[in-house]
Amino acid sequence: MTTADITADDMAGALAEATGDTSLLGAGLSAATRLEGDLGLDSLDLAALGAVLRDRYGTAVELVAYVAGLDIDEIIELTVGDVTGYVNRCRPARRRAERPAEQPQ
Amino acid sequence: MSRFLIVTLPLTGHAHRAVAVANELSARGHEVAWCGSKAYFRPLLGPDAILFPTGTRLFRDQAGHGIAALKSLWQEYLIPMARFMLPSVDRAMLAYRPDMVVVDQHALAGALVAHRHGLPWATLATEAMELTHPLAALPRVDAWVRAQLASLCQEAGVTEAGFDPLCSPYLLIAFTTSALTGEQPFPGHFVLVGAAMLERPAAFAWELVDPARRKVLITVGTMATGLAADFYQRAAAAVAPLAATLQAIIVGPPDLLPDPPGNVLVVPSVPMLALLPRLDTVISHGGMNTVCETLAHGVPLVLAPIRHDQPVVAAQVVRAGAGIRVPFSRVRPDQLRQALVTVLDDPAYRRAAMKVRDSFAAAGGAAAAAAHLESFVQAAR
């Protein structure tokens, strides 16, 4: 791994764990895949996904709080890329630790 | 004798609960009039019912799920329906002069017009959405819904701050109990009466029901016909290998499943209340009417919620221990079969369903709803 940023594939793994649906692993998720419109996730699925992301990427990742801050159209259009972007923004400390060359001090 | 005007929507789960309550009011010697779509309510109520027609607005079968479905429910149905009904509900109240107006929680015009005329009104909470505030977790979605309501109120000339057409300040009757909602800090004028049930007369070939096998009823209700075919195919594939011990009855147009497995009956409708005592479990989308009828008979469920309050209802049933939730759009036949077998074989699910049944019986159902309406009017005199 050249980067610590999580990708759509990582999200597929987290979603499969959260929903128990392993078919998501081979479903070809991309950054543009919508959680609600394309994957049919509801609020309970999102809560389960939030728990998995917290376990995997640290307690700073609070997906439910992030979604609570979105307006109605942002939730409808929420994509895999939005969530990976959010998770990556939550982890600047880890990024600095793993990529010291990019953060010269 | 008191006079009640019922304002409700031409939707099975909403209208049938109102009819069950109206029948109890009539049995107690009160007079009941209706305001709603003539094309829907005249056949349901019969030729002798007093009916103030609102005209009929066609309800497009909704697509989508989740928050997108919630948005379209408000934007494309509830708010336009309220606007459409306002003038005829106004005429009905002037003509009938009821002692109390009884308003389905989503028949917003009834609440607005009753308020304008200074009439006391009761809410029939026929859905789970507005009772336990599941949208509290999504404050900006909640704010969007409130903004739709506020703009409707203003349009209808109701400008009092704090007026909420979803919840009567006088009396709110909810068709559930704390066995499902959990202990909640409900206001004192909220009463939870359990299930209010009305039989749906339907021709049914009882001779095709095999008493030797266990029986599952599979229904996604009357609203989701566009999504039903794919789910019913997966459900049929789920039950087919269980043919030796299980018979399934799928409710839907028979052409939805042209070549069903041998242990699957596909029928357009069922006499639900007559059939329920013979059922071992129900697979459903989690419409509150179907779920409450099922639990009122102590029958556990497998729930595949699609949208609106259905995920909320499913979560309540799971928390009560009376069923298992599966994902509607993704559940595979083997997963559905596993959920079904678990609910059938583990007696804990039926025991939990029977606990909900007992709480419904203690709550009194439609008769208790009628008694609360009656006492409110008597106390107001």
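Strand β11(B) and strand β12(B) (residues 301-303) pair in the parallel sense over three bridges. Strands here, like helices, are DSSP runs numbered from the N terminus, with at least two residues of type E for a strand and at least four of type H or I for a helix; two strands pair if DSSP finds at least two bridges between them. Within this pairing, B:V282 sits opposite B:L301 of β12(B). To get from β11(B) to β12(B), the chain passes through helix α9(B) (residues 288-296), and this β-α-β crossover is right-handed. The term means that, with the strands pointing away from the viewer, the path from the first strand over the helix to the second runs clockwise.

Before going further, a word on the model and its labels. This is a predicted model, in which local features need pLDDT of at least 70 and side-chain atom pairs count only at pLDDT 80 or more, while totals for chains, interfaces and linings use all residues. Residues are numbered from 1 along each chain as its sequence is written, and chains are lettered from A and ligands numbered from 1 in the order in which they are written.

Let's stay with β11(B), which spans residues 281-284 and is also joined to β8(B) by four bridges in a parallel arrangement. Here B:V216 has B:T281 as its bridge partner, and B:L217 has B:V282. From β11(B), B:T281 and B:I283 point one way and B:V282 and B:S284 the other way, and all are buried. A residue counts as buried if 20 or more other C-beta atoms lie within 10 Å of its own, as exposed if 12 or fewer do, and as partly exposed in between, with C-beta atoms placed from the backbone. In a regular strand the side chains alternate between the two faces of the sheet. Strand β8(B) (residues 214-219) also runs parallel to β9(B) (residues 246-251), to which five bridges join it; there, B:V216 stands opposite B:A248.

Now turn to β1(B), residues 3-7. Four of its five residues are buried, so β1(B) is largely enclosed by the rest of the structure. Five bridges pair β1(B) with β2(B) (residues 31-36) in the parallel sense, and four pair β1(B) with β4(B) (residues 100-104), again in the parallel sense. B:F4 faces B:V32 in β2(B) and B:M100 in β4(B). Together, β1(B), α1(B) and β2(B) form a right-handed β-α-β unit.

Leaving aside neighbours within four places in sequence, B:A235 is in contact with B:I218, B:I250, B:I283 and B:L336.

Finally, look towards chain A. There, 16 residues of chain B are in contact with 16 residues of chain A. On the chain B side, α3 (66-96), α5 (139-155) and α10 (310-320) each supply at least two residues, and the classes on that side are 10 nonpolar, three polar and three charged. Helix α10(B) is mostly covered, with nine of its 11 residues buried. Those buried residues pack against α2 (43-57) of chain A together with elements of chain B including α9 and β12. After α10(B) comes B:G321, whose phi is positive, near 85 degrees.

Notes
Contact = placed C-beta atoms within 7 Å. Nonpolar A, V, L, I, M, F, W, Y, C, P; charged D, E, K, R; others polar.
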